[in-house]
Amino acid sequence: IGIIILLIATYILESDHKFSNFVAPIKNISKYGLYYIIATFLFAISATFDKYIIGSLGNIFTYSFFVWIFLAINFNLFHIYKFGFKDTIKCFRKDKFLPLFAAFFSLVSNLFIYKALSLAYVSIITPIFMLRTLFIVLIGGKFFHEKHLYFRLLISILMLIGAYLVRSEEH
């Protein structure tokens, strides 16, 4: 039932809200759907490894430090490789502190997630972590002045219910 709710909610979210073309939302999903499926799979693996490593280390700050150093070095090297060193410096000059601002919030949210993972089971923390979807839809929708914000929020709640049902069907 949970998977069916997720599929229907995703279809409704991608539709034109008039349902004039039944196939159009499916075509839209196929553009990025594969990336989302891969990201979801990698998140599941990552959360499991996070729990295991945090349990071994016992210190979320050490773990977070190594994760963020790894990310910073690799993304900067990738950016230099893809766009060149001059473009990387230009990007830092143009954006100034905006990436640091975003990184700060990501770091703090990850520390809270790691702390939660150190105290509870992955199968409990992950569904709670999915509640971020509601905040992303609400804050992002307001910030970017997206149309049909409350409709998208309602569908996101429906998707969370579907995800909860999928999780509860497993147990």
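**View 1. A nonpolar surface patch.** Tyr121, Ile124, Ile128, Leu131, Phe135, Leu138, Ile139 and Tyr150 make up a nonpolar patch on the surface of this predicted model, and together they have about 870 Å² of accessible area. Patch members have over 30% relative accessible area and no salt bridge, with nonpolar side chains joined within 5 Å; a salt bridge is a side-chain nitrogen of Lys or Arg within 4 Å of a carboxyl oxygen of Asp or Glu. Areas follow the Shrake-Rupley method with a 1.4 Å probe, and for residues only the protein chains shown count as cover. H6 and helix H7 (132-143) each supply at least two patch residues, and H7 gives the most, with three. Helices are DSSP runs (H or I, at least four residues), numbered from the N terminus.

**View 2. Two residues of helix H8.** Tyrosine 150 lies in helix H8 and is exposed, at 57% relative accessible area. Serine 156, also found in H8 (residues 149-170), is buried at 3%; buried means under 20%, exposed over 50%. Serine 156 touches Thr133, Leu134 and Val137 (heavy atoms within 4.5 Å), leaving aside residues up to four places away in sequence.

**View 3. Isoleucine 60 and its contacts.** Beyond four places in sequence, isoleucine 60 touches Ile54, Leu111, Tyr114, Lys115 and Ser118. Isoleucine 60 also belongs to the largest nonpolar core, which has 11 residues; such a core joins buried Ala, Val, Leu, Ile, Met, Phe, Trp, Tyr and Cys through side-chain atoms within 4.5 Å.

**Notes.** Residues are numbered from 1 along each chain as its sequence is written, and side-chain values use heavy atoms, without hydrogens and water. Local features need pLDDT of at least 70 and side-chain atom pairs pLDDT 80 or more, while totals for chains, interfaces and linings use all residues.

How values were computed. Buried < 20%, exposed > 50% of the residue type's maximum accessible area, 1.4 Å probe, protein only. Patch = residues over 30% accessible without salt bridge, like charges linked within 9 Å, V, L, I, M, F, W, Y side chains within 5 Å.
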